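My notes follow in the order I took them.

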Amino acid sequence: MITQLKISNFKSHKETCIELGNLTVLTGINGCGKTSIIQALLLLRQSFQKNRLQDGLDLNSPLCNIGIAHEALYLLANNGIISFEMLDEQQHEYKFKFDAGAVLNDSFIKKYSYNEHACDTGLLSNLALFNNKFQYISASRWGGKSVFPKETYAVEKQRQISLNEGQGELVAHFLFRYGGEDTSNYYEDCINDDLSLLQQTIYWEQKISPNVTIDVNTGHDGSTYTISYGFDGENGNIKPIRDLRAENIGFGISYTLPIIVALLSAKPGALILLENPEAHLHPAGQAELAKLIAKVARNGVQVITETHSDHIINGIQLACKEFTHNEEKGIDNKHVKMYYFYNKEKHASTVEEVVINNDGSLKQQPKGFFDQAENDLFNLYND
């Protein structure tokens, strides 16, 4: 698990250092560096996966696309050195420094200096960031689609749900291949002996849309996979509906599918990066998704998520409160790190930690931290 991340001279991050927990939540103003935190990790992974990290940083494809060195370098940098530093649970330090100032229109930034651990390929391979215990689901994930590509190596050898920019385009192949495998028990207050990935995926999708069902099959020519949806009947009076295309159900159901599958399928020690898990979901669905995120993080999976949803935040706070009453539920507040990114000084990100107390309350609430509803209500009911 990565316990600390330092970023220097990268995009809006002049000098940023954050501690990471089992669950790390990135919130705040648009354009103030939340996504750049995730991109820093993605750049390291994609360079490693392409066997190029030993020489430098590959800025483009397949996980993210930054462009050229000029776009990666902090606007007011005093030098051209971009650095990423990580600390793991064993206190191993990984220091990567890249020289972006050499050729600012290059899409590959050459290595400047690495420390001993950053040069150790075997040690790097033990981090989930660099091995197959990793998933990235972006805000541009697939939704409203019924036909998905087949990618045998990525799914069956690397256990990936995404190849390109975290789109989750391999979720159907992944479910077809691993849907029958048992995973950790993430049911809530119900008895169900079926711990399979597919059945628990359906269970959590039903938290978003009651009675929804999912079927995964191969395409007619065997080169694709299809996902169809339906709704179970009720009390024998309403017949079940089957074989609905994603285009004909609520968009949030299919849009959330890669996130739910990534969370449920992750083993302890895995790393999951999530962008805007709340998108296209009703507030009640967002709250349920926050419960699942907290459950998975409590189970030893490291989750880093960017969100603009107060319902996700509230759900995590409630999970912390729940843990104080029952340690088999919710999540220990000590394992949650939350950060608020706000207005930049000299185009540099400012980051403030938002501490959750063990009763779920916030130790402090920075100005602008999910207070818009309060401000609107105040203005609505006051002259």
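Does Gln 91 count as buried or exposed? I looked it up in this predicted model: Gln 91 counts as exposed, because its relative accessibility is 54% and the cut-off for exposed is over 50%.

**Backbone.** I checked phi next. Most residues other than glycine have a negative phi, and most peptide bonds are trans. Gln 91 is not a glycine, yet its phi is positive, about 65 degrees. I placed Gln 91 in the loop that runs between strand 5 (81-88) and strand 6 (93-99).

Asn 211 also turned up, with a positive phi of about 75 degrees although it is not a glycine. I found Asn 211 in the loop between helix 6 (197-208) and strand 10 (212-218). Its relative accessible area is 25%, so I noted Asn 211 as partly exposed.

For peptide bonds, I noted that the one from Ser 61 to Pro 62 is cis, with omega near 0 degrees. Pro 62 sits in the loop between strand 4 (56-58) and helix 2 (69-72).

**Cores.** I then turned to the nonpolar cores. The largest has 63 residues, and Leu 23, Ile 227, Tyr 229, Leu 263 and Val 303 have the most contacts inside it. Helix 7 (residues 251-265) gives the most to this core, namely eight residues. Another core, of 48 residues, lies apart from it; I listed Phe 10, Ala 40, Phe 84 and Phe 341 among its members.

Which residues does Tyr 229 touch, not counting those up to four places away in sequence? My list includes Val 212, Ile 214, Arg 242, Asp 243, Ile 253 and Leu 257.

Conventions:
Residues numbered from 1 in each chain as written. Predicted model: local features only at pLDDT ≥ 70, side-chain atom pairs only at ≥ 80, totals over all residues. Heavy atoms only, no water. Helix = DSSP H or I, 4+ residues; strand = E, 2+ residues; numbered from the N terminus. Buried < 20%, exposed > 50% of the residue type's maximum accessible area, 1.4 Å probe, protein only. Core = buried A, V, L, I, M, F, W, Y, C linked by side-chain atoms within 4.5 Å. Contact = heavy atoms within 4.5 Å.
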